[in-house]
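Trainee: Hi! Please walk me through this one, and start with a term I'll need.

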Amino acid sequence: MKLAYKLFFLLTVSIANSQVPNYYQSINLNVQGESLKNQLSNLITSTHSTELTYTPDVWNVLKQADVDPNNNDKVLLLYGWNDTDATKNNDKSRDKNASCHTSNCDNKWVREHVFPRSKGTPNLEFEGPGSDAHHLHAIDYDRNSLRSNFKFIANPTSYITYSRIIQQNGTDYFYPGDEWKGDVARMIMYMYVRYNLRCQPINVGYGSTSYSVNGDMPNIFLQWNAEDPVSTHEINRNEKIFQAQGNRNPFIDNPYLATLIWNGPAAENKWQSLNTESPYFENIAVYPTQTESHLNIAGITLDTQATFTIIDLTGRIIQQGIYKEKIDVSTLSKGMYFLELNIHDTHKSFKFIKK
């Protein structure tokens with residue numbers, strides 16, 4: 001009997017998670033791009049019923065929103081990854097009561113503005129956007145100083161997965177770490193949709209914006225949103241902040257909304273009833289997925305007006321053109337790439353490996 005109940009419960013939760021939540025019932029999910037973005041903007045603005053004060057409200061909310069799912073006495077620290085070594089500024093968790101309210105913040109946690117206040121147009125200040133808990137997170141004091149207000153950048157290596165400063169052409173950038181990059185992307189997307197030109201993603205993300213039609217969303221955030229799925233921690237954050245502020249982060253509830261707005265790699269679609277495929281791409285496939293010389297596209301006729309863009313893992317455009325019979329990739333360096341197809345102003349990305 002207990003087993004039957006558990007199976008029923010799990011099935012019920014699964015079905016509920018696959019449907020569009022009531023919060024989004026006013027949104028027309030048959031549209032994409034700017035129209036969908038504007039609808040979500042109106043929703044999360046109109047339901048933002050409580051403006052938190054930076055002190056004490058945000059402190060109190062983060063102690064609940066950033067609680068460690070494995071230990072209710074601790075908060076998770078943004079960009080952290082290791083609780084077992086002697087180094088403190090890379091800690092992944094800390095006593096939730098060790099928040100810093102004095103001048104000496106060693107081994108304590110503070111509040112990270114994932115969208116730096118100084119990158120706002122104009123400055124976000126400490127109230128309004130600067131106290132929106134959807135982009136504020138518990139963080140080690142020293143790691144908060146290390147991040148500063150540097151732009152986020154793609155990871156240039158595959159063997160170092162943690163957060164760190166990355167220098168490129170004499171400029172400092174910041175990589176949030178494999179475990180946190182999706183969280184960061186969804187916070188930045190939220191801030192842009194909620195505050196529009198006040199919080200532009202191009203002010204905080206480095207690299208190409210080729211995925212988005214308007215060039216307003218750096219490719220790295222769309223890639224991170226797809227590569228790093230929503231965690232239990234993010235789901236908890238969204239619920240606690242929803243209770244405190246009245247609004248939600250749509251890209252935590254369904255990362256695929258970002259794909260519908262800005263294109264790029266297809267992120268996880270949590271709503272079964274949401275159609276994920278443009279009719280232009282229903283029968284299209286790219287092959288071979290591993291190649292030394294060229295790519296073919298099945299399901300596309302020669303009279304179809306299709307353009308393509310090849311992008312590397314850093315978001316850099318490598319090749320562009322009009323699709324004819326095949327795509328020559330013989331001169332590309334070995335590695336993984338994204339092939340972005342554009343048909344009648346709709347986009348879809350495909351991964352392939354150049355051998």
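Mentor: Happy to. A residue is called buried when its relative accessible area is under 20%, exposed when that area is over 50%, and partly exposed in between, using a 1.4 Å probe and protein chains only. The areas themselves come from the Shrake-Rupley method with a 1.4 Å probe, and for residues only the protein chains shown count as cover. This is a predicted model, so local features need pLDDT of at least 70 and side-chain atom pairs count only at pLDDT 80 or more, while totals for chains, interfaces and linings use all residues. Residues are numbered from 1 along each chain as its sequence is written, and side-chain values use heavy atoms, with hydrogens and water left out.

Trainee: Good. Is arginine 248 buried or exposed?

Mentor: Arginine 248 counts as buried because its relative accessible area is 8%. Arginine 248 lies in the loop between H7 and helix H8 (250-253). Helices (H or I, at least four residues) and strands (E, at least two) are DSSP runs, numbered from the N terminus.

Trainee: Which residues is arginine 248 in contact with?

Mentor: Contact means heavy atoms within 4.5 Å. Leaving aside neighbours within four places in sequence, the list for arginine 248 includes Tyr23, Tyr24, Ile44, His134 and Tyr190. Its side chain also makes a polar contact of 2.8 Å with the side chain of aspartate 253. For a polar contact, two N or O atoms must be within 3.5 Å; within protein, one must be able to donate a hydrogen and the other to accept it, and residues adjacent in sequence count only if both atoms are side-chain atoms.

Trainee: And which side chain does arginine 248 meet in a salt bridge?

Mentor: That of glutamate 239, at 2.6 Å, N to O. A salt bridge here is a side-chain nitrogen of Lys or Arg within 4 Å of a carboxyl oxygen of Asp or Glu. Glutamate 239 has a relative accessible area of 31%, so this residue is partly exposed.

Trainee: How many salt bridges are there by this rule?

Mentor: The count comes to ten. One of them joins the side chains of aspartate 140 and arginine 94 at 2.7 Å, N to O. That pair links distant parts of the chain, with aspartate 140 in strand E5 (residues 136-140) and arginine 94 in strand E3 (residues 93-95), 46 residues apart. Aspartate 140 is buried, at 2% relative accessibility, and arginine 94 is buried too, at 7%. Asp91, Arg94 and Asp140 are linked in a network of salt bridges.

Trainee: What about glutamate 34 and lysine 37, how do their side chains meet?

Mentor: They form a salt bridge of 3.7 Å, N to O. Because they are three residues apart in helix H2, about one helical turn separates them. Glutamate 34 is partly exposed at 37% relative accessible area, whereas lysine 37 is buried at 3%.

Trainee: New topic: which residues touch the most other members of the largest nonpolar core?

Mentor: Phe152, Phe221 and Trp262, in a core of 56 residues. Helix H2 (33-46), strand E7 (171-175), helix H5 (181-195), helix H6 (219-227) and helix H9 (256-262) each supply at least two residues of this core. The largest share, ten residues, comes from H5. Apart from this core lies another, of 19 residues, among them Ile284, Ala306, Phe308 and Leu332. By nonpolar core I mean a set of buried Ala, Val, Leu, Ile, Met, Phe, Trp, Tyr and Cys residues joined through side-chain atoms within 4.5 Å.

Trainee: What does tryptophan 262 touch?

Mentor: Not counting residues up to four places away in sequence, its contacts include Lys37, Met189, Tyr211 and Phe251.

Trainee: Where is tyrosine 211 found?

Mentor: In the loop between H5 and H6. Tyrosine 211 is buried, with a relative accessible area of 0%. A polar contact of 3.1 Å joins its side chain to that of glutamine 223.

Trainee: Last one: which residues make the nonpolar surface patch?

Mentor: Leu313, Met336 and Ile353, covering about 220 Å². Patches are made of residues with over 30% relative accessible area and no salt bridge; like charges are joined within 9 Å, and nonpolar side chains (Val, Leu, Ile, Met, Phe, Trp, Tyr) within 5 Å. Methionine 336 is found in strand E14 (residues 335-343) and counts as partly exposed at 33% relative accessibility.
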